[in-house]
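Biologist: Please put the model up, and then I will ask about its fold.

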Amino acid sequence: MLLGQIARRAKLPNVVPSQTMRSPGNCVSRRSYNVTRPARAEAQGKGDGISIAVEYSGLWGAITTFPKRRPYATNIIVATVKTSLADLIIQKAEGKKDIDWSRNGVFTAFGFAYLGVVQWFVYVTIFTRLCPNAIRFSNLPWAEKMKDRAGQIDLIKQTCYDNFIHYTFVYYPVFYFFKELIQSDPTLDKSPLAAADRGLRKYWNNCVTDNLYMWSLWVPGDLMVYACPIWMRLPLNHAISLLWTMILSSLRGGEK
């Protein structure tokens with residue numbers, strides 16, 4: 001993972017040997033050993049390019065700075081709560097008197113395991129390696145972003161990778177797998193292999209419609225997400241994703 005690590009460096013003492021010197025009056029004087037003090041270690045870098053070391057005081061300060069200090073934990077929490085909440089909102093909007101908890105379980109598990117854990121690896125590790133200017137570009141002031149051609153190219157590359165590779169060939173197959181594993185008819189084979197097979201066949205039937213919905217929101221959305229500071233990337237992604245998850249819940253949540 002491309003997390004910068006700042007090594008502390010300290011210089012060893014420089015010892016200057018004693019030297020015998022003669023004064024003009026032939027008096028011998030000795031210069032004592034001179035030991036230079038070790039250079040003070042360089043200050044620890046503030047953050048690693050993703051998390052940011054910030055000072056805070058009190059409970060409110062700890063809460064408001066938590067996303068910057070702990071972006072990975074923030075991502076998992078937001079992903080899980082957001083995905084579950086989006087489905088609950090849609091179920092209520094559909095006029096359901098009783099919550100379908102198996103349906104909500106699909107979105108909660110998918111939100112935690114995939115959107116919370118796996119997407120961190122996809123966005124922060126893989127994408128930043130495929131697009132080496134990504135983190136540097138995202139942390140630049142807006143005025144500098146407008147002049148950074150290499151960063152702008154990586155912005156377009158990340159948007160294309162996300163929409164036309166990640167979502168199409170990874171996100172949707174995993175989503176349909178979770179649906180078959182958790183929400184499908186209990187009489188069906190619940191083994192992972194069988195669930196994956198049924199899920200992929202359903203996705204094949206729905207893939208054109210599903211991806212057109214996805215691209216219409218996420219192509220412009222990703223341009224914003226990948227241009228923001230790196231610590232804000234996944235929280236902003238989840239803000240847009242709240243809307244997307246409600247669309248997905250309305251589109252596919254009720255299907256068995």
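Biologist: In what order do the elements of the chain run from the N terminus on?

Modeller: This is a predicted model, where local features need pLDDT of at least 70, side-chain atom pairs count only at pLDDT 80 or more, and totals for chains, interfaces and linings use all residues. Residues are numbered from 1 along each chain as its sequence is written, and side-chain values use heavy atoms, with hydrogens and water left out. Helices (H or I, at least four residues) and strands (E, at least two) are DSSP runs numbered from the N terminus. The chain has 8 helices and 4 strands, and the order is β-β-β-β-α-α-α-α-α-α-α-α.

Biologist: How are helix 2 and helix 3 oriented to each other, roughly parallel or roughly antiparallel?

Modeller: The axes, lines fitted to C-alpha atoms over the stretch in contact, have angles that run from 0 to 180 degrees between N-to-C directions. Those of helix 2 (residues 71-93) and helix 3 come within 8 Å and cross at roughly 155°. Angles over 145 degrees count as roughly antiparallel, so helix 2 and helix 3 are roughly antiparallel.

How values were computed. Parallel < 35°, antiparallel > 145°, perpendicular 65-115°, else oblique.
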